[in-house]
Amino acid sequence: AGTCAPRARYRGDPMTVYLVRHAKAGSRDRWEGDDTVRPLSNKGREQARLVAEGLAGEVVTALYSSPYVRCVQTLEPLGALLDLEVVPEPRLAEETPFERVLDLLAEVPDGAVLCSHGDVIPDTMAGLERRGCRIEGPADWRKATVWRLERTADGDWVSASVTPPPS
């Protein structure tokens, strides 16, 4: 039996970054208190577990999350599986202008997984598309969707596709 080693990367190979919309959280309308600490619901915790299982087979190098509890909790199961820390990143918080997210995307390493919100991700994807990124298939903005973003070694975003939320 042979061993599986990572395939050598060549200059023309696309590099991958993942952008996850946080899993289901309790109702914003029924939540009393600071919205930044609103946690995932039971369904959301299950979605986070399934997202982690789906990404665990990928080459994941780093985890960045909006500082909101529901985003951090969405990536925690993946962090536990891969022994990676979830790093809070303010540029992924709600109401962040997409330009700041694009700056962050340019900085993160290949294999990074980022978790953000339903207002940030559509604006970010539209910004990438305006800059030449090809969106493959229909957009999906539901909670616990995973966008796979491909960039060249020169940092140009070339394609994006979305995986629907786990059922």
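In strand 6, Val 146 is the bridge partner of Val 20. Strand 1 (residues 15–21) and strand 6 (residues 146–151) pair in the antiparallel sense, over 6 bridges, where two strands count as paired if DSSP finds at least two bridges between them, and where helices (H or I, at least four residues) and strands (E, at least two) are DSSP runs numbered from the N terminus.

The model is predicted, so that local features need pLDDT of at least 70 and side-chain atom pairs count only at pLDDT 80 or more, whereas totals for chains, interfaces and linings use all residues. Residues are numbered from 1 along each chain as its sequence is written, and side-chain values use heavy atoms, with hydrogens and water left out.

## The sheet and its helices

The open sheet has 7 strands in the order 3-2-4-1-6-7-5, with mixed pairing. Strand 3 (86–88) and strand 5 (134–136) stand at the edges with a single partner strand each, so one side of each is left without a neighbour in the sheet. On average, neighbouring strands of this sheet are turned by 25 degrees against each other, direction ignored; axes are lines fitted to C-alpha atoms, for helices over the stretch in contact, and angles run from 0 to 180 degrees between N-to-C directions.

Helix 1 (residues 42–55) lies across strand 1, strand 4 (112–116) and strand 6, and runs at about 170 degrees to strand 1. Helix 3 (residues 98–107) also packs on the sheet, touching strand 1, strand 4, strand 6 and strand 7 (157–163), and its direction makes about 65 degrees with that of strand 6. Contact here means heavy atoms within 4.5 Å.

## Helix 2

Helix 2 (residues 69–82) bends by about 35 degrees at Glu 76, with a proline, Pro 77, following within four residues; the bend at a residue is the angle between axes fitted to the seven residues ending there and the seven starting there. After helix 2 comes Asp 83, whose phi is positive, near 55 degrees.

## Pro 67

The loop between strand 2 and helix 2 contains Pro 67, which is partly exposed, with a relative accessible area of 37%, a class lying between buried and exposed, the latter being over 50%. Leaving aside neighbours within four places in sequence, Pro 67 is in contact with Val 72, Pro 88, Glu 89, Pro 90 and Ala 93.

Key
Buried means under 20% relative accessible area, exposed over 50%, partly exposed in between (1.4 Å probe, protein chains only).
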